[in-house]
Amino acid sequence: MEAKSSIRPTPPVIETRRIVKTFPSGREVIQVLNGIDFKLERGKTASIRGESGSGKTTFLNIISGLEALDSGQLLWNGNRVDLRHFGELAAVRSSQMGLVFQAYYLLPELNLWENVLLPARLRGKPGSLERERAEYLLHRVGLAERLKFSVEKLSGGERQRAALARALMNRPRLI
Amino acid sequence: MPWSLYLALKQLFPSGRNVSFFSILSIAGVSLGVCLLIVVLSVMNGFQKEIRDKIVETTGHLRVEAGSVIYDYDGIMEALLGLEYRGENVIQAVSPYAYGFVIVQNRKVPVFPAIRGVDIAYEAEIVPFNKFLISGSVDDLDNDSVIISSGLARKIGAHQGDVLELASPLIIEKIKEDEIMLPREVRVAGVFETGWTVIDNNTLFCTLTLMQEFYGLEDGIHGLTIRLADGYDEEVDLITGKVNEMIAQGADFPLGVRAFSWLDLNRDFLFVLQLEKSVMFFLLLFVILVSAFAITSTLLITVVRKTREIGLLAAKGAKPIGLVACYTFQGFVLGVGGAVLGIAFALLALANRNEIVGIVANIFNKEEALIRFYKFTHLPAHYQSNDFVWVVLCAITISTLAGLIPAFRASRMKPASALRDE
């Protein structure tokens, strides 16, 4: 895996050093990641490709702090991440990362605008700036007319755009 | 509002969608328990209040007794009527009495009722005889007549105007002295019924003079009954203490004189009434406990259904403690909703309780049975604020605790595993 193009080399937004991850499968142990070194500098875009089951999602989960690793090191902005402190990681992830999932995971009990505003709400009480930003983002992804819509009434494409708007809500350093 | 509480409310009452059926069922369960508890406790309070009022109405608030015969009681009566409590004369009336048992015979049916000799001029200020009389008149009561309770009248088949034979327990004493004391013939001046079974079953009233003659008391009495002025019912224990303080300091009082409140005299009976109420509370609390299980299972299903959403929240920065708060708060809200609705239903049911009893009695055609066995056609009810507070506190606490198991399950979910459920 390799990141392309660079303007400012240090500190990398994400860096992994010899990451190893295994999963037990019955009596056997499947080694999914075998000593991965990876760097992603600020302003760069990286594409992670591989066959199905090769560990792409596991790797993404690990670099976003969602999954523990067996050995190796993970660094965010040059700082080593201790994956045991889940609560602290949650706060950092909330402010620095925007995650878009394959299945979007919009919450059905919230309307579209409330879903986009959710990351701001998880950080504390959203003010008028955050409320306006949620509206702005929905406007940018072409869903300004659907603010109060139930997410269940949206098409797949609309849900995808809403998930993207939600990922951008907290102005993350990494998406 | 913290996100955990916000999301809890949104899960219970989603934007633009109907309230979850599970939430409605859970609230209905808690409200049913709360409603039942409030209705049963209030009706029991009503019965208790009726009984307590009846005891005070028939026996007065306090009694002063010495355990022996008291002579020269005029000074005691005067001192009692002059007693001040918080700067007020709280004793409204004092009446002397003598008390014992007699042998009564009518048409060769002997019974052994309690007899109470009173000075009707004083006693009428404490016991509303005219209200209780079924037949006859208090004005007809003289030293050759008695007023008998309805139960006693039924037992011996006596009516107003009949002549009864009364024999004093002194007969035995006289026999020891080789003397014969013949039974005394007295007329039934009236029949009364108070509604207080203890008195109605087996009691007989006569004049104090007749009783003194019967028991050989000369001008002595066994005690004094006291009625307090209106508004001092709740302070009867304090006033009893004040009376005993006065007795202890007064040189005019005979040795051994002591005041007892009606609460002291009926403490065991009142304890049983309170125990009945506590047992009812405990048993009916199980209705709320069953509802709590419904809340737990509902929220557990929600947690399982929303596994990926919980994973998403964790991925987006939600802390485990926030997830605990979110699901515990849902239990709390269901408890509050159930308690509010339960109280509303209970007040509605209690406001229409007599109509409900009437309908039930009509359906089973048993209105007469109600009157015959329970002596009522209407249900009494009395609201006590501490009952409401306890019921609401129990309902909310149990419901909140019911949310803890699903809450901890949600907080222990690992985001990556939860999202992998996809």
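# A guided tour of a predicted two-chain model

Select helix α3 of chain A, where the buried residues are L112(A), W113(A), E114(A), N115(A), V116(A), L117(A), L118(A), P119(A), A120(A), R121(A) and L122(A). Buried means under 20% relative accessible area, exposed means over 50%, and partly exposed lies in between (1.4 Å probe, protein chains only). Helices (H or I, at least four residues) and strands (E, at least two) are DSSP runs, numbered from the N terminus. Because 11 of the 12 residues of α3(A) are buried, this helix is largely enclosed by the rest of the structure.

This is a predicted model, in which local features need pLDDT of at least 70 and side-chain atom pairs count only at pLDDT 80 or more, while totals for chains, interfaces and linings use all residues. Residues are numbered from 1 along each chain as its sequence is written, chains are lettered from A and ligands numbered from 1 in the order in which they are written, and side-chain values use heavy atoms, with hydrogens and water left out.

**Stop 1: the two ends of α3(A)**

Select N111(A) and W113(A) at the start of the helix. A side-chain oxygen of N111(A) comes within 3.3 Å of the backbone nitrogen of W113(A). Then move to G124(A), which follows α3(A) and has a positive phi, near 150 degrees.

**Stop 2: from chain A to chain B**

Select E114(A) and K10(B) together. Their side chains meet in a salt bridge, with 2.9 Å from N to O. A salt bridge is a side-chain nitrogen of Lys or Arg within 4 Å of a carboxyl oxygen of Asp or Glu. Side chains of opposite charge can pair when their charged atoms come close. This pair crosses between chains, from E114(A) in helix α3 (residues 112-123) of chain A to K10(B) in helix α1 of chain B. Are these two residues buried or exposed? E114(A) counts as buried at 8% relative accessibility, and K10(B) counts as buried at 16%.

**Stop 3: the whole interface**

Now display every residue in which one chain touches the other. Contact means heavy atoms within 4.5 Å, and here 26 residues of chain B and 30 residues of chain A take part. The area buried between chain B and chain A is about 2600 Å², with 61% of it given by carbon and sulfur atoms. Buried area is the accessible area (1.4 Å probe) that two parts lose on being put together, summed over both.

The count of salt bridges between chain B and chain A is one. Two residue pairs in polar contact are found across this interface, both at pLDDT 80 or more. A polar contact is a pair of N or O atoms within 3.5 Å; within protein, one must be able to donate a hydrogen and the other to accept it, and residues adjacent in sequence count only if both atoms are side-chain atoms.

**Stop 4: a network in chain B**

A search of the whole structure finds 11 salt bridges over all chains. Select D144(B) and R184(B), whose side chains form one with 2.8 Å from N to O. This pair links distant parts of the chain, 40 residues apart: D144(B) is in the loop between β8 (133-136) and β9 (145-149) of chain B, and R184(B) is in strand β11 (residues 184-192) of chain B. D144(B) is partly exposed, with a relative accessible area of 42%.

E213(B) forms a salt bridge with R184(B), the closest N and O atoms being 2.5 Å apart. Because E213(B) lies in helix α9 (residues 208-215) and R184(B) in strand β11 of chain B, the pair ties together parts that are 29 residues apart in sequence. E213(B) is partly exposed, with a relative accessible area of 49%. Salt bridges with shared partners join D144(B), R184(B) and E213(B) into one network.

**Stop 5**

Select Q48(B) in helix α2 (residues 21-59) of chain B. Q48(B) is buried, with a relative accessible area of 10%. Not counting residues up to four places away in sequence, Q48(B) touches L273(B), Q274(B) and K277(B).

Finally, select R63(B) in strand β1 (residues 62-70) of chain B. R63(B) is also buried, with a relative accessible area of 16%.
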